[in-house]
Each structure stands twice: as C-alpha cells, then as structure tokens.
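Visitor: Before we discuss any details, could you bring up the structure so that we can look at it together?
Guide: Here it is.

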Amino acid sequence: MGWLSRMFSSSDAACIERAQRFMERQRYNDVRLELDGVAGPTAAALREQALSVLVQWNLEEARARFGAGDAEGAQEHMALAKEFGASPTDLQGVRKIAREMRKKAREEAEKAAEAASHIEPMGDDPIWRLPPDHPRLRYAVLVESYPEALRQRLVDLGEEFAAAVMLLEEGQPRAAFEGISPFISTDPVARFERARAALAGGQLPPAASDLHTFGAEIGHQRIGTTHTAAMLAGVLAQMGRAAEALEMLEVELEKDADLELAANRTSLLEALGRLEEAESATTTILKKAPRQMGLYRQLARIREKRGDRVQAAETLEWGLNTCCSSPGKCGNQPLDVAAVRTLARLYLEDRARPDRVTELMNKLSRHVEKPGWEDRYIAALLARNDGNPQAPAMAERLLDGLGPADPRRALVGTAFETPQLLGPT
C-alpha cells in the first residue's frame, strides 16, 4: 500500500497497516484507536495485544502513583486499566500494594519526625544538599543562571522575592507578576523575572517595558540560554513593532556580536521585506554556524520569496547534507522534517527531480505521525504529478476552513490552476 493510502485512506486494510506500524513503534493506544470499528482476525489480534500492554502499563503507573502519594492520579490509571480489560484480581492486587505502601510511608514519616532535622553542609553552602525539587534549591539554580555580577543583587532581594519568582516556576504567572512588582523599585534586576512572568501570562506591553528598562539600566546580556535583547526583539515583533526591534538589535550588535542577535536581525529584515539584506546577512551567519539547520531553512525561505526557487532548493539540500549524518538524524538531533517538507514541496510544485521526491516522501512517511495541512498539500501535489484523477478533489478539500484572505488559497489555486477555488479577492 502506498504512502498516500497509508496516510489518508479509511479502509480496513489501511487502518490495519497503520496499526501495525504503530505496534512496531510501541504506540499501543494509537493501535487501539486506529482499529476502532475494524473487524477481522488480524485486527482482533492486534487489538488484544495492544489492550494487554495498555492494561499492564496503567497498572504499573497506578502502583507508581500510589507509591508517590498521588492517589488521585493512581485512581485515574486504575480506571483506564479497567476500561482496557483489567481483571478484578489485577485491580485488587494493586489496591493491596497501595495499602502496604501507605502503611510503610506512615511508619517512615513517624521515624523521620523523631529524628533531629538538620542539613549537613557541603563546602560553605548547605543549600546544594536539599532535594532537587526543593524551592530554595530551584531558586539557587535560577540565580546561578545569571551573570556573576548580578547574582548577589538577586539574593539581596530576599526570600519574598524568591517566593514570588517560584510562583512563575509553578505555573502561576499572574501571581508571580504581582509578587515581583514591589521589588522593581528596589533593584531593576527584578524586571527580567517580571518580564518572564508577563510573557507567560500573555501580557506583551508590560514585558516589553520591563525588558527595555532592564536593558537601559543594567544592560542587555545573556541569562541562562536567553539573551535579553533577543527576547525584547521577539516581543516587539509580536506587537507589530518590527522596525523598532530591528533598530534596537542593530545598536546591541555594535556592543555584542552575539549570533542569536544576528540571527534575530535577519528574521526581522525578512519580515520587513528587506530580502536582499536578509539573504546577505543569513549567508554571513551560516559561515560562522554551518551546522544550524534553522539558518538553512531561513535562507531557503528568503530565496524562495525572491523568486530563486532553484537556489532555495539547493540551500535545503546543502543544509540536510551538512547537518544529517545518518538517516533520520540531523547531527545529534531528529531529522528536520520542516526542511524535508519544504524541499519536497518545491520539487513537486516545479515538477522537478521525481526520484529525489520519492526519497523525501519516504522520509516523511517515516517521521510524520499526524499529517498537517502542508502534508496534505504535498500529497495532493504528488497526486497531480502522477496524473491521479483524485487530485482536483484533494485540492478542493485543502480549502476547507480557510478564510478568503488566507494565502494558502493562492498557493492551491496556482498549483492546480483553479482560480475559481480561491474565493473572493
């Protein structure tokens, strides 16, 4: 059965083939869902095998949750195990283990309560002996991510500030924002954490304001894996202020030739339509970072926008060849599926290199588990190029749910020479 059939057919045979692929990947719940309503001995055998594994997995997870004190989570997995066919004996066995675990936990808690509680120091600071999930240790790790010159200033803000920051780490951005706010008048170093809280809560203007002030009063710099200037540029771009973001980055690049800032600058040049400058700048950065697949994708996208589709494809080929050392791997990272998709689309749209298209489609079939719009567009292009009579219908279905101004309408209309499908202009 071909790639298109495996991905899009709803026949029993296609469902069974997909289920077998899921079984090979140990995706047992997908096997169960794929075979829902499918009859026959092969489907029944696959379903029974998947359900058996799901029962065992959920029983084991229930035991682990009980052991961790998460009774609610354990009950959820018990219910799933029962739904998938666990026997009453299996369920009773887990409940017995849970009772024994609770008894043991009570006994250990009583012993711990009797013992004197103290922390043995390691070196000069006992904090590193705390459990990994202890708030004080988590905050200490966060402080360590700051440049050395700023760490003591964070410590000097005290325990209330630390507790407010930890609210952000615990998924409470609004409460964190409110808790951090009183400290920004004490030391502007607090503004970076408040900006993070604002961003996590979807508040772009306060985040931009705090990051701007942080840069003006302390100086933009790298904190952990984040450069504060790059963070500010991203926020400004989201607010529709790309030109301002570009101007800010260019000033910062005069002080700090950071590659992340340079890459952000090229993205802004592209967004502002300054494609020739963007292409030149991206090419320069690639010479310094030749194994960054994202830069190859960016350069290919810019070249496609400039109408140079051949060079766009060659850029992606070069990037995949440079970064990919073995099938399915890009260096030590997974295959860059986005690059493969774009390359396949370019070749298919231009009816070029059919043998290479076959290789790319095989890669996609192995790595795309849930096809999106672009995958369905690629499948329709392949059908068009193969002379499949279903291609026009596949093209029409691509337009379902697209608004009149969606640029994908023009993409479909051009590829299938059906301007009547594009809707009002």
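Visitor: Which residues form the positive surface patch?
Guide: This is a predicted model, in which local features need pLDDT of at least 70 and side-chain atom pairs count only at pLDDT 80 or more, while totals for chains, interfaces and linings use all residues. Residues are numbered from 1 along each chain as its sequence is written, and side-chain values use heavy atoms, with hydrogens and water left out. Patches are made of residues with over 30% relative accessible area and no salt bridge, like charges being joined within 9 Å and nonpolar side chains (Val, Leu, Ile, Met, Phe, Trp, Tyr) within 5 Å; a salt bridge is a side-chain nitrogen of Lys or Arg within 4 Å of a carboxyl oxygen of Asp or Glu. The positive patch is formed by Lys-82, Arg-95, Lys-96 and Arg-99.

Visitor: Which helix gives the largest share of the positive patch?
Guide: Helices are DSSP runs (H or I, at least four residues), numbered from the N terminus. The largest share, 3 residues, comes from the helix spanning residues 88–114, namely α6.

Visitor: Is Arg-95 buried, partly exposed or exposed?
Guide: Arg-95 has its place in helix α6. Buried means under 20% relative accessible area and exposed over 50%, with partly exposed in between (1.4 Å probe, protein chains only). Because its relative accessible area is 38%, Arg-95 is partly exposed.

Visitor: With which side chain does the side chain of Arg-345 make a polar contact?
Guide: Arg-345 lies in helix α19, residues 337–349, and is buried, with a relative accessible area of 10%. A polar contact is a pair of N or O atoms within 3.5 Å, where within protein one must be able to donate a hydrogen and the other to accept it, and residues adjacent in sequence count only if both atoms are side-chain atoms. At 2.9 Å, the partner of the Arg-345 side chain is the side chain of Glu-304.

Visitor: What is the value of phi at Arg-353?
Guide: Arg-353 is found in the loop between α19 and α20, and at 45% relative accessibility it counts as partly exposed. Most residues other than glycine have a negative phi. Arg-353, by contrast, has a positive phi, near 45 degrees.

Visitor: What distance separates the C-alpha atoms of Val-310 and Ala-300?
Guide: Val-310 is found in helix α18, residues 309–323, and counts as exposed at 57% relative accessibility. Val-310 and Ala-300 are 10 residues apart along the chain, and their C-alpha atoms are separated by 9.5 Å.

How values were computed. Areas by Shrake-Rupley, 256 points an atom, 1.4 Å probe, with all protein chains shown as cover. Lys, Arg positive; Asp, Glu negative; His and termini not counted. Charge placed at Lys NZ, Arg CZ, Asp CG, Glu CD. Helix = DSSP H or I, 4+ residues; strand = E, 2+ residues; numbered from the N terminus.
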